[in-house]
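Got a minute to go through some ring contacts and a sulfur bridge? Have a look at the model first, then we'll take the labels one at a time.

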Amino acid sequence: MGTKSVNKRSNNKRSTPKADIAMPSPSHTSHFTLRKVPLLVLFVMIFGIIALLGISPITLSSLGSVDQSSKIYAIQVVNEFPHDPSAFTQGLLYAGNDTLFESTGLYGESSVRRVDLQSGKVEVLQNMDASYFGEGLTLLGERLFQVTWLRKTGFIYDRNDLSKIKEFTHQMNDGWGLATDGKVLFGSDGTSTLYQLDAQTLKVRKKNIVKYDNQEVRYLNELEFVNGEIWANIWQTDCIAKISQKDGTVLGWIMLENLRKGLMAAGYRGIDVLNGIAWDSNNNRLFVTGKLWPKLYEVKLHPVNKYVDRRLIKQLCLP
């Protein structure tokens with residue numbers, strides 16, 4: 001989740017999210033000359049016709065200004081749960097019965113852990129060798145797969161006691177995120193490449209370049225498989241990209257900047273970036289957290305129906 005020169009705890013590339021950008025508001029002040037009056041009359045006539053046809057001006061402007069295939073979502077916080085504020089969250093997943101599995105990073109502090117959702121208590125802990133920096137984590141059957149930063153090395157653990165089963169080597173350029181649909185593994189390496197890995201051999205079966213509005217989406221980080229889509233934290237932002245596993249097209253954006261802002265307003269100044277997506281497929285529950293966050297949130301998505309210029313999305317979500 002960074003370049004080889006990046007200190008993943010203290011370097012500003014690692015810990016500083018994108019600057020908050022206010023949504024623009026249209027200006028209501030205009031100055032007309034006598035020569036512009038006919039244009040104003042024509043403008044009024046056009047909007048009169050639009051009103052008669054039942055077309056909103058926002059919809060009309062959206063046709064030429066917004067990528068209609070990419071939907072924008074805001075969130076509503078449904079529940080808040082305790083989260084270990086010392087956990088540098090790199091991988092997160094929901095495993096049923098209010099149980100989470102989590103992978104944490106930082107040299108000398110990396111671990112794989114089983115966590116009780118309601119209390120935030122770490123029930124089982126597997127510390128990693130200090131030479132490894134833990135990254136993405138996913139669960140396939142009874143086995144947990146984990147990758148590590150700056151190395152093509154990963155580990156497989158037994159889900160019950162987190163005992164290490166084996167070590168593996170993958171073909172991605174680096175290890176950032178992991179997810180699965182129950183058949184193949186999806187991986188990220190901090191670039192715009194989304195990988196599909198064979199779950200048995202760990203060899204790359206397919207690669208897609210993730211794009212939004214013909215622009216590559218870099219820094220794909222923690223991953224989750226949700227209803228046929230790959231969801232990815234975009235490192236250093238408060239955005240989650242909803243990605244087509246078929247061709248890598250961004251299908252939508254989830255905007256979560258209010259979570260970090262809320263924590264900072266409450267006095268939590270030591271938090272790092274948003275990272276961690278867990279999906280409860282049986283109950284349609286979505287959980288998110290961040291590195292060194294004291295809370296884990298259950299959130300619901302709500303489509304943003306108003307006009308959003310894709311240039312603003314690029315500013316907020318494309319580092």
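Q: This is a predicted model. Are Trp176 and Trp235 buried or exposed?
A: Trp176 is buried, and Trp235 is too.

Q: Why is the pair of Trp176 and Trp235 called edge-to-face?
A: Ring planes over 60 degrees apart get that label. Here the planes sit at 85 degrees, with the centres 6.0 Å apart, so the pair is edge-to-face.

Q: What parts of the chain does the pair link?
A: Distant ones, 59 residues apart: Trp176 is in the loop between strand 9 and strand 10, and Trp235 is in the loop between strand 17 and strand 18.

Q: What makes Phe155 and Tyr157 a tilted pair?
A: Their centres are 6.4 Å apart, and the cut-off for pairing is 6.5 Å. The planes make 50 degrees, which falls between the limits of 30 and 60, so "tilted" is the word.

Q: How do you know that Phe155 is buried?
A: Buried means under 20% relative accessible area, and Phe155 has 2%. Tyr157, at 1%, is buried as well.

Q: What lies over the face of Phe155?
A: Lys164, at 4.4 Å from the ring centre.

Q: What makes Cys239 and Cys317 a disulfide?
A: The sulfurs have to be within 2.5 Å, and these are 2.1 Å apart, so the two cysteines count as joined. Cys239 lies in strand 18 and Cys317 in helix 5, so the bridge ties together parts 78 residues apart in sequence.

Q: Why is the disulfide of Cys239 and Cys317 called left-handed?
A: Because the torsion about the S-S bond is about -70 degrees.

Note on methods. Residues are numbered from 1 along each chain as its sequence is written. This is a predicted model: local features need pLDDT of at least 70, side-chain atom pairs count only at pLDDT 80 or more; totals for chains, interfaces and linings use all residues. Side-chain values use heavy atoms; hydrogens and water are left out. Buried means under 20% relative accessible area, exposed over 50%, partly exposed in between (1.4 Å probe, protein chains only). Helices (H or I, at least four residues) and strands (E, at least two) are DSSP runs, numbered from the N terminus. A charge sits over a ring if NZ of Lys or CZ of Arg is within 6 Å of the ring centre and within 35 degrees of the ring normal.
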